[in-house]
Amino acid sequence: MQTEIRHRPAFANIRVQLERGDSLIAESDAMASMSSTVAMRARWAGGFFNALIRRVFGQESMFVNEFSTDSEGEVILTQPFPGDMECIELNGNTVFLQPGAFVACEPGVKLTAGWAGFGSYIGKEGLFRLKASGTGKLWFGAYGGIFTREITGELVVDTGHLVAYEPTLKIHMGMAGGIFSSFFGGEGLVSKIRGEGRVYLQSRSMGGLAAWTNAHLY
Amino acid sequence: MRTEILCRPAASVARITLDEGESITCEVGAMIAMSTSLGVETASRKRGGGGGVLKGLKRMFAGESFFLNHFTAKTNNQSLIIGPSLLGDIVSHKLTGGNLVVQGSSWLASGSDVEIDATWQGFGKAIFSGETMFWVKCSGTGDVLLSSFGAIYEVQVDGAYTVDTGHIVAFEDTLGFSIGKSAGSWLGSFLGGEGLVCKFKGRGKLYCQSHNPPSFGKLLGPLLKAR
């Protein structure tokens with residue numbers, strides 16, 4: 001299987017060349033186009049219970065699609081918003097993805113819904129998050145560019161900019177400054193990410209776009 | 001006429017250089033900047049062509065404007081910069097006699113020897129393809145500029161190829177498509193979130209867009225305030 005992320009960073013999409021015996025799991029509705037030799041099959045997103053949590057709390061589909069072929073063929077996978085994508089290789093380690101970030105993974109990657117905690121919920125980052133573990137490649141995407149930070153201690157992140165993080169990190173809700181600057185400085189609530197590990201952030205947020213658009217509607 | 005596409009793929013614009021007497025037909029509102037020795041003429045038909053009002057009306061059904069703008073150079077080396085209003089890509093397709101069927105809102109401009117007309121692809125495709133009801137059919141010889149939301153990629157189809165609804169930009173009419181289920185079964189197609197897809201058959205060039213406006217709209221829409 002050969003894969004390539006094309007048209008980065010504005011309109012990242014994945015071109016996958018499948019050979020006989022390969023298979024790939026992708027988010028529901030991620031397929032933009034594919035060869036007619038490729039077969040697509042819907043399956044539960046990590047078992048019924050996980051799928052249900054994903055649907056109810058993550059507002060995502062209960063299903064993912066599995067792509068495979070008897071000969072060879074290509075699949076183009078995309079995400080709903082313009083932005084960049086990242087591919088990481090899991091080797092027994094785990095990474096947490098925010099709702100909407102997951103694009104695709106190799107079949108060796110296990111996807112489960114995990115409790116993110118009330119701190120994450122109050123900080124508008126969701127009550128649940130997607131836990132990706134196992135071995136294989138994992139693709140996730142963002143609205144805007146993706147940048148990483150290695151945290152030792154604490155990093156303050158504005159709501160809606162978190163994409164993915166390692167399990168050694170914990171999310172707490174907090175205020176950007178004092179009460180005055182938190183509510184009048186436009187930052188409001190922020191997430192405080194504590195621990196040691198890597199975090200993936202997006203350079204724009206859908207909430208920011210919505211606020212901007214709302215301000216220009218008349 | 002020389003065409004150069006700049007700022008790909010995020011915020012593409014096309015720079016067209018015209019010599020004396022050369023002309024190009026553009027979508028209304030596409031002009032961003034132009035040299036002073038270009039004449040602009042707004043009409044509902046192709047320059048010097050027939051059709052008039054009826055063609056303009058048909059074009060409106062295809063998601064385009066009733067009017068077209070014709071830019072004609074009065075002296076050599078006049079440049080015109082055009083672009084779509086959304087973020088996205090532009091590609092140039094060279095027509096040499098065949099026909100190119102363009103998804104309604106993806107037609108941006110075409111050379112003066114290219115005939116443009118709205119075509120009806122049948123009820124099934126109008127309702128289920130996720131595209132506009134009518135399509136723009138370009139024929140003749142010359143360049144056609146296509147725009148999209150997302151990057152445009154080219155697929156050389158030989159046999160069969162599947163495209164998700166909402167991702168078609170344009171295709172040569174040596175290709176035809178039908179609406180079908182995306183997975184092996186109807187249940188699987190809808191559970192997997194792909195639903196219906198466009199199944200192309202034949203041999204020819206197909207242009208797809210990497211992103212799809214309705215999917216983005218579904219995410220953004222609920223965040224917007226009610227009006």
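**Reading strand pairing**

Guide: This is a predicted model. In chain A, strand 1 (residues 2–6) pairs with strand 2 (residues 13–19) in the antiparallel sense, over 5 bridges.

Visitor: Which residue of strand 2 of chain A stands opposite Arg6(A)?

Guide: The residue opposite Arg6(A) is Asn13(A). The two strands form a hairpin with 6 residues between them, and within this hairpin His7(A) takes a positive phi near 55°.

Visitor: Over how many bridges does strand 2 of chain A pair with strand 7 of chain A?

Guide: Strand 2 of chain A pairs with strand 7 (residues 72–77) of chain A over 6 bridges, in the antiparallel sense. Within that pairing, Arg15(A) has Ile76(A) of strand 7 as its bridge partner.

Visitor: Let us turn to chain B. What is the order of the strands in its open sheet of 4 strands?

Guide: The order in chain B is 1-2-7-4, and the pairing is antiparallel. Strand 1 (2–6) and strand 4 (31–34) of chain B are the edge strands; each has a single partner strand, so one side of each lacks a neighbour in the sheet. On average, neighbouring strands of this sheet are turned by 20° against each other, with direction ignored.

Visitor: Which residue in strand 7 of chain B does Thr17(B) stand opposite?

Guide: Thr17(B) faces Ser79(B) across the pairing. Strand 2 (residues 13–18) and strand 7 (residues 78–82) of chain B are joined by 5 bridges in the antiparallel sense.

Terms used:
Residues are numbered from 1 along each chain as its sequence is written. Chains are lettered from A and ligands numbered from 1 in the order in which they are written. This is a predicted model: local features need pLDDT of at least 70, side-chain atom pairs count only at pLDDT 80 or more; totals for chains, interfaces and linings use all residues. Two strands pair if DSSP finds at least two bridges between them. Axes are lines fitted to C-alpha atoms, for helices over the stretch in contact, and angles run from 0 to 180 degrees between N-to-C directions.
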